[in-house]
Amino acid sequence: MRSLINILDFSVEELQELIDTANDIIARPEAYSQVCRGKKLATLFFEPSTRTRLSFEAAMYELGGNVIGFSEANSSSAAKGESVADTAKTISCYADIIAMRHPKEGAPLVAAANASIPVINAGDGGHNHPTQTLADLLTIYREKGRFSDLTVGLCGDLKFGRTVHSLINALSRYENVRFVLISPEELKLPSYVKKDVLRRQGIPYEQTTDLEKAMPDLDILYMTRVQRERFFNEEDYLRLKDSYILTPEKLKNASKDLCIMHPLPRVNEISVAVDDDPRACYFKQVLNGKYMRMALIMKLLKEAGRI
Amino acid sequence: MNIDAIQNGIVLDHITAGRGMKLYDLLGLEKLNCSVAIIKNVNSKKQGKKDIIKIDEEIPINLDVIGYVDPGVIVNIIRDGQLVEKRSIEMPETLTNVIFCRNPRCITSVEQELDHVFKLTDRVNKVYRCLYCETKAP
């Protein structure tokens, strides 16, 4: 059974296929409005999430399908001690496809190994968040028209930021991509990502703590939030949370074609004054995420022979 | 130093010096009732120094454990005092319940019945990562 647990589960060709489908959905939404009629998406959210869950739900409704599920672990059988494997087997009896978010890393992989329907990883702890990466990729493609020949600045929490790790993995498969890693010392990209992904594939990158200095070279600036829920120690969180705040002043030396992205929600790392800048793409990312989830749901249901 | 030759059993030879005890532990040899000898820092033409483990019984050995700890080890099977089989060991692609993930954020930290599975992700540098959370093996 085909699932999406890690962005690398899909080839570059398959990602392009999803992007093409998403672009077609944007152009002709009515052609897709009944594709999943009579089908059910189960949203199993063991960890709170507003945008990802609602994005999945909106995606399924716009395909003409239905949604069942829960939005926190307390309202599921997990609170009674049920295993992820048993939950996946049970939900397979009710739904056609699962979108799962779980605070523990690897939980969606366990679900996929036990479910008889496709499983989509909607975020597992600080590990992977492949559908956010799908949203990011569609945004880059629609704004830049390409994935190659890009200088991509990643700024903020590069240590725990799962969206950053997934995006690096995804973009590393394209030609002539260069990364600028902008973070405080304590939140630098983990060495295994640098070693296993960047160095092993010979992908150029530089590390800096200075956002403004890096700015002029960037085609894409991907801002991230310092996430309170990833810290064991509140003091560390408070010390690091305001490390980078993007303001119109800091964008003075940026390219006219810069694409400013953020997986959202933001706290204060992008000033609201930036929202009116035509280079701000983070709300487009949200919309693109819904279209890519529609394309993904369709692809997995088709491969499972359910539509 | 004299260690009796074994009649029927297994000799793990060419263990990198210092890894004999780790192999002993991970293979669970302390649970055996038969004689087991760990010989440390034996002079070796090939390795300079090496460890050797002699097991005085032909028990089932988890070759994946040996491949993970020390893929250069040679497993010698002895029957009736004769060497009947000499096996070299490869690094296994997967390790199941040999080593355990210590990442508190990993699903294996809360679901006790899950197998702890590690996959070989870098053969050159001998790197294994947890199947679930991708944490590097200790």
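Domain bounds here come from an automatic or database domain assignment. The model is predicted, and for chain A the assignment gives domain 1, made of 7-128 + 286-303, and domain 2, covering 131-285. Taken over C-alpha atoms, the centres of domain 1 and domain 2 of chain A are separated by 25 Å.

The boundary between these two domains involves 22 residues of domain 1 of chain A, in contact with 22 residues of domain 2 of chain A. On the domain 1 side, α1, β4 (119-124) and α10 (282-303) of chain A each supply at least two of the touching residues. The element that gives the most to this side is α10(A), with eight residues. Sorted by class, the side of domain 1 of chain A that touches domain 2 of chain A has 14 nonpolar, six polar and two charged residues.

Helix α1 of chain A can also be followed through its packing against another helix. Helix α1(A) spans residues 12-27 and helix α5(A) spans residues 130-144; their axes come within 10 Å and cross at roughly 70°. Because of that angle, α1(A) counts as roughly perpendicular to α5(A), a label applied to angles from 65 to 115 degrees. The crossing of α1(A) and α5(A) is right-handed.

Which residues meet where these helices cross? From α1(A) come Leu15(A), Leu18(A), Ile19(A) and Ala22(A), and from α5(A) come Leu134(A), Leu137(A), Leu138(A) and Tyr141(A). The residues of this contact between α1(A) and α5(A) comprise eight nonpolar, no polar and no charged.

Chain B touches chain A as well. In this contact, twelve residues of chain B lie against 13 residues of chain A. The side of chain B that touches chain A divides by class into six nonpolar, two polar and four charged residues.

Lys46(B) sits in the loop between β2 (36-44) and β3 (48-55) of chain B. Is Lys46(B) buried or exposed? Lys46(B) is exposed, because 7 other C-beta atoms lie within 10 Å and a residue counts as exposed at 12 or fewer. Along the chain, Lys46(B) and His14(B) are 32 residues apart, while their C-alpha atoms are separated by 8.7 Å.

Terms used:
Residues are numbered from 1 along each chain as its sequence is written. Chains are lettered from A and ligands numbered from 1 in the order in which they are written. This is a predicted model: local features need pLDDT of at least 70, side-chain atom pairs count only at pLDDT 80 or more; totals for chains, interfaces and linings use all residues. Axes are lines fitted to C-alpha atoms, for helices over the stretch in contact, and angles run from 0 to 180 degrees between N-to-C directions. Helices (H or I, at least four residues) and strands (E, at least two) are DSSP runs, numbered from the N terminus. Angles under 35 degrees count as roughly parallel, over 145 as roughly antiparallel, 65 to 115 as roughly perpendicular and the rest as oblique. A crossing is left-handed if the near helix is turned anticlockwise from the far one by less than a right angle, and right-handed if clockwise. Two residues are in contact if their C-beta atoms, placed from the backbone, lie within 7 Å. Ala, Val, Leu, Ile, Met, Phe, Trp, Tyr, Cys and Pro count as nonpolar, Asp, Glu, Lys and Arg as charged, and the others, Gly among them, as polar. A residue is buried if 20 or more other C-beta atoms lie within 10 Å of its own, exposed if 12 or fewer, and partly exposed in between; C-beta atoms are placed from the backbone.
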